[in-house]
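Please look over the sequence and the model shown below before reading on.

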Amino acid sequence: MKQIYDFNGHEPPRINEAMLQEQLRRRELKRQTLLLRIAALLSCVCYAVFAFFIINDSVIAAVASIIMCTVTLIGTGVLSVVFLRCGMKDQS
């Protein structure tokens, strides 16, 4: 039977422990960034639900809650970009 793949044609890339540690660190950073985004989204949902329930009693508190929701989303976006940029810069 004729083989269709030439396994002796090239060598696989050399991988050392430092490369594997760097890849592990990048995966951990991505996982932590994802957890940060999920936590911010859940807190934003809590702020929105609180604003919905408190709107009849205190409009000022409801508006403050919506502002906190917006600040939370913006802050999470900025932190995600910073974390990912720092992780990519360390890779170079």
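Helices here are DSSP runs of H or I with at least four residues, strands are runs of E with at least two, and both are numbered from the N terminus. The model is predicted, so that local features need pLDDT of at least 70 and side-chain atom pairs count only at pLDDT 80 or more, while totals for chains, interfaces and linings use all residues. Residues are numbered from 1 along each chain as its sequence is written, and side-chain values use heavy atoms, with hydrogens and water left out.

Ser65 is found in helix 2, and its relative accessible area of 4% makes Ser65 buried; buried means under 20%, exposed means over 50%, and partly exposed lies in between, with a 1.4 Å probe and protein chains only. The side chain of Ser65 comes to 2.5 Å from the backbone oxygen of Tyr47, a polar contact in the sense of a pair of N or O atoms within 3.5 Å, where within protein one atom must be able to donate a hydrogen and the other to accept it, and where residues adjacent in sequence count only if both atoms are side-chain atoms. Leaving aside residues up to four places away in sequence, Ser65 touches Tyr47, Ala48, Phe50 and Ala51, contact being heavy atoms within 4.5 Å.

Thr72 also has its place in helix 2 and is buried at 18% relative accessible area. The backbone oxygen of Met68 is reached by the side chain of Thr72 at 2.7 Å, and the residues that Thr72 touches, not counting those up to four places away in sequence, are Ala40, Ser43 and Tyr47.

How many salt bridges does a search of the whole structure find? The search finds two, a salt bridge being a side-chain nitrogen of Lys or Arg within 4 Å of a carboxyl oxygen of Asp or Glu.

| Pair | N to O distance | Relative accessibility |
|---|---|---|
| Arg25 and Glu22 | 2.9 Å | Arg25 32%, Glu22 22% |
| Arg31 and Glu28 | 2.7 Å | Arg31 43%, Glu28 33% |

Arg25 and Glu22 are three residues apart in helix 1, which means that about one helical turn separates them; Arg31 and Glu28 are likewise three residues apart in helix 1 and about one helical turn from each other.

**A nonpolar patch and an aromatic pair**

Leu41, Val45, Val49, Phe52, Phe53 and Leu73 make a nonpolar surface patch of about 630 Å². Patches consist of residues with over 30% relative accessible area and no salt bridge, with like charges joined within 9 Å and nonpolar side chains (Val, Leu, Ile, Met, Phe, Trp, Tyr) within 5 Å, and the areas come from the Shrake-Rupley method with a 1.4 Å probe, only the protein chains shown counting as cover for residues. Helix 1 (residues 17-54) gives the most to this patch, with five residues, whereas Leu73 lies in helix 2 (residues 59-91) and is partly exposed at 43%.

The count of aromatic pairs comes to one. Phe52 and Phe53 form this pair, edge-to-face at 5.5 Å centre to centre with 65 degrees between the planes, under a rule in which rings of Phe, Tyr and Trp (its six-membered ring) pair if their centres lie within 6.5 Å, planes under 30 degrees apart counting as stacked, over 60 as edge-to-face and the rest as tilted. Phe52 is exposed at 62% relative accessible area, and Phe53 is exposed at 60%.
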